[in-house]
Amino acid sequence: MAKETLVSRVTQDLRGAITEGTYKPGDRLPTETDLARLFGVSRPTLRNALRQLEAKNLVRTQHGVGTFVTERNAIHAGLEKLESITESIRATGHRPSMEYQSRTIRPALPDEARKLGLNPNDSVLELRRSILADDEVVAYSYDLLPTNQFPSDFDPAGFEGSIFAHLEQAYGIHAHHSVAEIHAVNSDYVGWGKDMDKHTLFVLLDQIHYDDSDRIFAYSRTYFIEGKYAFSIHRTS
């Protein structure tokens, strides 16, 4: 088994143990030696897995003291790995859900067409969603999908929950990679609903999504409410 696969396996197993409550917020994990023995891997592999968890703010390491499960308040996600928002919320011990504000088929605007590699006025499906963790809104998302990748009789009402999951299950479209820009946004006009006036500061993740044949299948602008969602990047020399 490749080293990266071993690291991924240990990361997933430890994350599952934290999510399921085997290790609770504030708990100190077993020593690196004990964990390495438990998972049948070397200590360097175990350390790499712990670094992955630390990048997601699931654990924190105090040198000379040990590694502790962090208190879970804001949702944390690492930017180096492409995963659905639903998965990142669930991975940090929260319950994800989506509320769709609208599903609209309309012509693409010139800038949208350029990002999606379409001709101006080509048809797109615009989805507007509130993203929730434990029934609390943490982000608002505007997603555009070219309609030419769907059957002519497709039903926009079928989109529920995770877009990535729906595209894969219904149309065999697999999210392979994304190109993203990150911006700070201060606006009174991003969201909707009863709590929209409470939120004016956002972290915008502006992304173009590609499938495994390097074809653009979606463009999204997701506004994460400042303080509700935090991103980190695992950097190495």
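Biologist: How many bridges join S7 to S8?
Modeller: 11 bridges join them, and the two strands run antiparallel. Strands here are DSSP E runs of at least two residues, and helices are H or I runs of at least four, numbered from the N terminus. This is a predicted model: local features need pLDDT of at least 70, side-chain atom pairs count only at pLDDT 80 or more, and totals for chains, interfaces and linings use all residues. Residues are numbered from 1 along each chain as its sequence is written, and side-chain values use heavy atoms, leaving out hydrogens and water.

Biologist: What stands opposite Ile 182?
Modeller: Leu 205 in S8.

Biologist: In what order do the six strands form the open sheet?
Modeller: The order is S4-S5-S6-S9-S8-S7, with antiparallel pairing. Two strands pair if DSSP finds at least two bridges between them.

Biologist: And which are the edge strands?
Modeller: S4 and S7, as each pairs on one side only.

Biologist: New topic, helix H6. Which of its residues are buried?
Modeller: Ile 163, Phe 164, His 166 and Leu 167 are buried in H6, residues 163-171. Buried means under 20% relative accessible area with a 1.4 Å probe, protein chains only.

Biologist: Why do they line one face of the helix?
Modeller: Seen down the H6 axis, the buried residues fall within an arc of 165°, so they line one face. The arc is that of the directions from the helix axis to the C-beta atoms.

Biologist: What follows H6?
Modeller: Gly 172, with a positive phi near 70°.

Conventions
Buried < 20%, exposed > 50% of the residue type's maximum accessible area, 1.4 Å probe, protein only.
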